[in-house]
Amino acid sequence: MANERGKIVMGDDEVDAFLTQQRSSTVATVGLQGRMNLVAMWYDWHEGHVWIETKAKSQKVVNLRRDPRMSFLAEAGHTYDQLRGVSLEGAGVVIEDDAVVWDVCVRIFERYNAPYTEDLKPFVEVMARNRVVVRLDAERTRSWDHRKLGLPPMDLGGTTAAFLE
């Protein structure tokens with residue numbers, strides 16, 4: 001039997017495009033007791049790194065200061081034939097530099113809201129207040145794109161289908 005996993009791996013350009021286009025992600029850090037702390041996060045994909053902005057005293061930052069291991073997942077697709085995703089594992093680097101925090105906050109603001117203008121500066125200032133950014137230095141990338149399997153289109157079904165937009 002052929003290796004199905006090898007058929008669905010995304011190339012570097014596909015990973016870049018996917019992470020550029022997606023909106024939501026899940027970020028994992030390691031808690032004090034060794035349990036995973038999972039949170040939904042908006043993010044920025046910039047120069048080959050995932051960047052997030054978060055409160056300086058957030059649990060994920062507390063965890064990263066103690067143990068830098070971090071995982072990131074972005075996924076899409078509502079039927080098996082459409083499932084796609086990218087998972088990154090590596091070290092989360094907490095950055096407190098005001099200029100870097102500002103740049104990341106502007107990029108995230110633009111990604112999820114609107115192009116930045118001076119009129120919108122007060123909104124970004126609120127966003128950046130008491131914040132740090134985390135850059136994920138990925139050591140491992142895993143990806144999948146089930147559309148590459150060439151399966152026939154599947155109908156959206158199951159008990160959750162009625163709740164999808």
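Biologist: What makes strand 6 and strand 7 partners: how many bridges join them, and do they run parallel or antiparallel?

Modeller: Keep in mind that this is a predicted model. Here, 12 bridges join strand 6 to strand 7, and the two run antiparallel. Pairing asks for at least two bridges, so this pair qualifies.

Biologist: Which strands make up the whole sheet, and in what order?

Modeller: It is an open sheet of 7 strands in the order 2-1-5-6-7-4-3, with antiparallel pairing. Neighbouring strands in it are turned by 30° against each other on average, ignoring direction.

Biologist: What makes strand 2 and strand 3 edge strands?

Modeller: Each of them pairs on one side only. Strand 2 covers 36-42 and strand 3 covers 44-46. The partner of strand 2 is strand 1, residues 24-30, joined to it by 7 antiparallel bridges. Within that pair, valine 30 has methionine 36 of strand 2 as its bridge partner.

Biologist: Back to strand 6. Why is it called largely enclosed by the rest of the structure?

Modeller: Count its residues: 9 of the 12 are buried, so the strand is largely enclosed. For the chain as a whole, buried residues make up 38% of the 165 residues.

Biologist: Is tryptophan 144 buried, partly exposed or exposed, and how do you know?

Modeller: Its relative accessibility is 23%. Buried means under 20%, and exposed means over 50%. The value falls in between, so tryptophan 144 counts as partly exposed. You will find this residue in strand 7.

Biologist: Which residues does tryptophan 144 touch, beyond its neighbours within four places in sequence?

Modeller: The list includes Arg5, Ile8 and Met10, along with Leu73 and a run of Leu83, Arg84, Gly85, Val86 and Ser87. Tryptophan 144 and phenylalanine 18 are 126 residues apart in sequence, with their C-alpha atoms 11 Å apart in space.

Biologist: Phenylalanine 18 sits in helix 2. What makes you say that the buried residues of helix 2 are on the same side?

Modeller: The buried ones are Val15, Phe18 and Leu19. They cover an arc of only 90° around the axis, which puts them on the same side of helix 2. The face turned away from that buried side carries the exposed residues Asp13 and Gln21.

Biologist: What do those buried residues of helix 2 pack against?

Modeller: They pack against strand 3, strand 5, strand 6, strand 7 and helix 4. Helix 2, residues 12-21, packs on the sheet, and its direction makes about 75° with that of strand 6.

Biologist: How do you know that the buried residues of helix 5 line one face?

Modeller: In helix 5, residues 121-128, Val124, Met127 and Ala128 are buried. Seen down the helix axis, they fall within an arc of 90°, so they line one face of helix 5. Their packing partners are strand 4, helix 4 and strand 7. Just after the helix, asparagine 130 takes a positive phi of about 60°.

Biologist: Which residues meet where helix 4 and helix 5 pack?

Modeller: From helix 4 there are Val101, Trp102, Cys105, Val106, Ile108 and Phe109. From helix 5 come Lys121, Phe123, Val124, Glu125, Met127 and Ala128.

Biologist: Let's step back. How many helices and strands does the chain have, and in what order do they come?

Modeller: There are 5 helices and 7 strands. Starting at the N terminus, the elements run α-α-β-β-β-β-α-β-β-α-α-β. Along the principal axes, the C-alpha atoms fill a box of roughly 50 × 40 × 35 Å.

Biologist: What share of the contacts between residues at least 6 apart in sequence joins residues at least 24 apart?

Modeller: That share is 71%.

Technical notes
Residues are numbered from 1 along each chain as its sequence is written. This is a predicted model: local features need pLDDT of at least 70, side-chain atom pairs count only at pLDDT 80 or more; totals for chains, interfaces and linings use all residues. Side-chain values use heavy atoms; hydrogens and water are left out. Helices (H or I, at least four residues) and strands (E, at least two) are DSSP runs, numbered from the N terminus. Axes are lines fitted to C-alpha atoms, for helices over the stretch in contact, and angles run from 0 to 180 degrees between N-to-C directions. Contact means heavy atoms within 4.5 Å. Buried means under 20% relative accessible area, exposed over 50%, partly exposed in between (1.4 Å probe, protein chains only). The arc is that of the directions from the helix axis to the C-beta atoms.
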